2 protein chains.
Amino acid sequence: MGILVLGGAGYIGSHMVDRLVSLGQERVVVVDNLVTGHRAAVHPDAVFYAGDLADQDFMRQVFKENPDIDAVIHFAAYSLVAESMAEPLKYFDNNTAGMIRLLEVMREVGVKSIVFSSTAATYGIPEEIPIRETTPQKPINPYGESKLMMETIMKWADQAYGIKFVPLRYFNVAGAKPDGSLGEDHGPETHLLPIILQVAQGVRDKIMIFGDDYQTPDGTNVRDYVHPFDLADAHLLAVEYLRAGNESRAFNLGSATGFSNLEILEAARKVTGKEIPAEIADRRPGDPDTLIASSELARDILGWKPKFDNIEKIIESAWAWHSSHPKGYDDRD
Amino acid sequence: MGILVLGGAGYIGSHMVDRLVSLGQERVVVVDNLVTGHRAAVHPDAVFYAGDLADQDFMRQVFKENPDIDAVIHFAAYSLVAESMAEPLKYFDNNTAGMIRLLEVMREVGVKSIVFSSTAATYGIPEEIPIRETTPQKPINPYGESKLMMETIMKWADQAYGIKFVPLRYFNVAGAKPDGSLGEDHGPETHLLPIILQVAQGVRDKIMIFGDDYQTPDGTNVRDYVHPFDLADAHLLAVEYLRAGNESRAFNLGSATGFSNLEILEAARKVTGKEIPAEIADRRPGDPDTLIASSELARDILGWKPKFDNIEKIIESAWAWHSSHPKGYDDRD
């Protein structure tokens, strides 16, 4: 057996590869175009290809050189909401059209299992909290739309070609490898916790909190946080689930607990011992009040048990990375 | 001004090109990859390019050589429901990914108006009859999904880049140019009226009617028929609507009247004077009982007035084509 990790040089993908290599049970092949990923984040024992999953000749070659690959884990999508509003075609091209082209090659070479990153953004303004897998999916930005299209296309590819799939709908991902060797390094950084920690480091002056008049206890957005180690675990369980011959099925991945932006800020002050100046700014378009996942299905069916089950552990791990890597992977031009 | 017709060698596209050329008001440029279209169906006074709209270098060249193009009419999608169930990736690739690639080039060259074929199939099993533009869109096959994705992608491309669009959601298209020079020639043929007329011609033995136990007056499916001449008219009005600076908007195109499959058969017997043997077969998956459009919006806002306003006129025109072209355009290998 062998596994192909697309986007394995990215934030979550690199944790996945690290986990798979450390298990040592199968060949781990990584494809990443390094547009947002970092070569240094890829475990040296993985087989690495620099290239784009939408390049079908390249992908045919990867499968040909690694005939033991029987499952694909796909993290290679763009994922910034605000960028997707400004550049929707970039998202539909890379995420949606990329999935079509990938599936065409998987069909040709006969690889019939894929686990991929979907997102809480497919639910838009959710009709219920906690959000279940059956909550209606009504995205409110091109990022969420592009991921919902990926799920829809997979549904029909399963019906026609028997390619089985598990979309994992992540909530807010945060944290790093506790030894500080793998972490979050986006350019530009737009996520709450990394920016808070950059303020703690003195790299930025202050954190902007967008809106304090939401329908939440303290008025700031409430989100559900999950650690990339636990996400990697869920992907591994999902691959096992498909390899065991089960039917395609979507799962939410979250903690069933929500933290407001101000609660995250307070927890980060406590973990880092720094003041971390903050300022309330205007709301951004498209932020739902509260997003909290029910992940009962993942626990019941996949047997998923998140290990980073409190927010301070998540923040401590992120701080280990940020304090040892003030410039991230430091591989930018 | 100039207009680009994608899929202008196809059934509906060729009627569009014929109409535009006969009006003589602007340059008419046609792109068709001739996979399902016929070179002989393209009016000789149109500028013709054989090529694929997903080939971006080719499309850049077409726009460069025809800088007067300010609007695009897009008919170049695959449209067979049953084929889409068996080959969904073909539909998502050509229809959905093709639209993404087309929009990227339109954005580059600054062409900001597009009218394109959408379909009643985006409504799936409709929640109300007649179907309005506000009826929820819930496709039940990859063809309908691929077209709904095209509409969704356009919505975001409008918001981000100001590319204005009109999706025209056709109901059942039937009929031909009354002089018999342009008509329907699909390979393979899967549509009701052409097959009925091929039986009348003696090219086939009998027509199969799929299911007679639907919730309709005579038990066979009820559909709303519209003539390609009237569709061409609606596209022309939609281009004028966008050129006048109006906002993007979808319109249904149908007659607000339904005919059952058996009623179409009876009308064809009357028009042709032939017996036309028929046989009731099993239902096909995915056929809703009844599809009837409300086209009030197209009439009120675009000023659309269909001329082929009764089913016998539509069948007479189709018979003019079939009886003079027993082998269609006769250009197959």
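## Between the domains of chain A

One salt bridge is counted between domain 1 of chain A and domain 2 of chain A. The model is predicted. In the salt bridge of A:D233 and A:K307, the side chains meet at 3.3 Å, N to O.

Three elements of chain A each give at least two residues to the side of domain 1 that touches domain 2: β10 (225-226), α7 (228-243) and β11 (251-253). The largest share comes from α7(A), with seven residues. By class, this side of domain 1 has 18 nonpolar, four polar and six charged residues.

## Domain layout and buried area

Domain 1 of chain A covers 2-174 + 224-253, and domain 2 covers 192-223 + 256-324. Their centres, taken over C-alpha atoms, are 24 Å apart. Domain 1 of chain A brings 28 residues to the contact, and domain 2 of chain A brings 30.

Together the two domains of chain A bury about 2600 Å². Carbon and sulfur atoms carry 68% of that area. Which three residues supply more than any other three of the area that domain 1 of chain A buries against domain 2 of chain A? They are A:D224, A:Y225 and A:D230, which supply 27%.

## Between chain B and chain A

The contact between the chains takes 25 residues from chain B and 25 residues from chain A. About 2300 Å² is buried between chain B and chain A. Of this, 68% lies on carbon and sulfur atoms.

Four salt bridges are counted between chain B and chain A. B:R107 and A:E87 form a salt bridge through their side chains, at 3.2 Å from N to O. Across the interface of chain B and chain A, 10 residue pairs are in polar contact, both members at pLDDT 80 or more.

## The chain B side

Helices α3 (81-86), α4 (88-109) and α5 (142-161) of chain B each supply at least two residues of the side that touches chain A. Which element gives the largest share of this side of chain B? That is α5(B), with 11 residues.

The side of chain B that touches chain A divides into 16 nonpolar, three polar and six charged residues.

Technical notes. Residues numbered from 1 in each chain as written. Chains lettered and ligands numbered in written order. Predicted model: local features only at pLDDT ≥ 70, side-chain atom pairs only at ≥ 80, totals over all residues. Heavy atoms only, no water. Contact = heavy atoms within 4.5 Å. Buried area = accessible area lost by both parts, 1.4 Å probe. Polar contact = N/O pair within 3.5 Å; in protein donor to acceptor, adjacent residues only side chain to side chain. Helix = DSSP H or I, 4+ residues; strand = E, 2+ residues; numbered from the N terminus. Nonpolar A, V, L, I, M, F, W, Y, C, P; charged D, E, K, R; others polar. Domains from an automatic or database assignment.
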